[in-house]
Amino acid sequence: MFDTANDARENASKQSLIVLREAIELYRANEGSYPTAAAITASKLGSYLKGPFPSPQVGNKNATVVASTEDPIAVEAGTDGWVYNQTTGEIAINHASYIAW
């Protein structure tokens, strides 16, 4: 039963990651550049999402975003749930176990 609950949290987080990646790419297609890390959780990305900005259900379960300049993206210290590179548009879960998703 515990594996089932963990699997559900992982699947929900993967789905949120897919939705965020698609929203970021739609934003770029319409605006000509990726949103800033500060704007990603604000209303600028909101029109590309149905509902509130998601939080990952695994790792650091916060809907906050930390900016990264790493390419490829890497875990950043802190408790932010997402890590985002506004130059490349890459977003990932800010946790060592899930950064590669």
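Reader: How many aromatic pairs does the structure hold?
Author: This is a predicted model, where local features need pLDDT of at least 70, side-chain atom pairs count only at pLDDT 80 or more, and totals for chains, interfaces and linings use all residues. Residues are numbered from 1 along each chain as its sequence is written, and side-chain values use heavy atoms, with hydrogens and water left out. Rings of Phe, Tyr and Trp (its six-membered ring) pair if their centres lie within 6.5 Å; planes under 30 degrees apart count as stacked, over 60 as edge-to-face and the rest as tilted. The number of aromatic pairs here is two.

Reader: What is the angle between the planes of Y27 and Y48?
Author: The ring centres of Y27 and Y48 are 5.8 Å apart. Their pair is edge-to-face, with an angle between the planes of 75°.

Reader: How many residues apart are Y27 and Y48?
Author: Y27 lies in helix α1 (residues 2–31). Helices (H or I, at least four residues) and strands (E, at least two) are DSSP runs, numbered from the N terminus. Y48 lies in the loop between α2 (43–46) and β1 (65–67). The pair thus links distant parts of the chain, and the separation is 21 residues.

Reader: Is Y27 buried or exposed?
Author: Buried means under 20% relative accessible area, exposed over 50%, partly exposed in between (1.4 Å probe, protein chains only). The relative accessible area of Y27 is 9%, so Y27 is buried.

Reader: Which residue has its charged end over the ring of W101?
Author: A charge sits over a ring if NZ of Lys or CZ of Arg is within 6 Å of the ring centre and within 35 degrees of the ring normal. Here the charged end is 4.9 Å from the centre of the W101 ring, and the residue is K14.

Reader: Which residues does S16 touch?
Author: S16 is in helix α1. Its relative accessibility is 15%, so S16 counts as buried. Contact means heavy atoms within 4.5 Å. Leaving out residues up to four places away in sequence, S16 touches P54 and W82.

Reader: What distance separates the C-alpha atoms of A12 and Y27?
Author: A12 is found in helix α1. A12 counts as partly exposed because its relative accessibility is 34%. A12 and Y27 are 15 residues apart along the chain, and their C-alpha atoms are separated by 22 Å.

Reader: Which strands stand at the edges of the sheet?
Author: Three strands form an open sheet with mixed pairing, in the order β1-β2-β3. Two strands pair if DSSP finds at least two bridges between them. Each edge strand has a single partner, so one side of each is left without a neighbour in the sheet: these are β1 and β3 (90–93).

Reader: Over how many bridges do β2 and β3 pair?
Author: Y84 stands opposite I91 in β3. N85 stands opposite E90 in β3. Strand β2 (residues 82–85) pairs with β3 in the antiparallel sense, and the number of bridges is four.

Reader: Which residue takes a positive phi in the hairpin of β2 and β3?
Author: The hairpin has four residues between the strands. The phi is near 80°, and the residue is G89.
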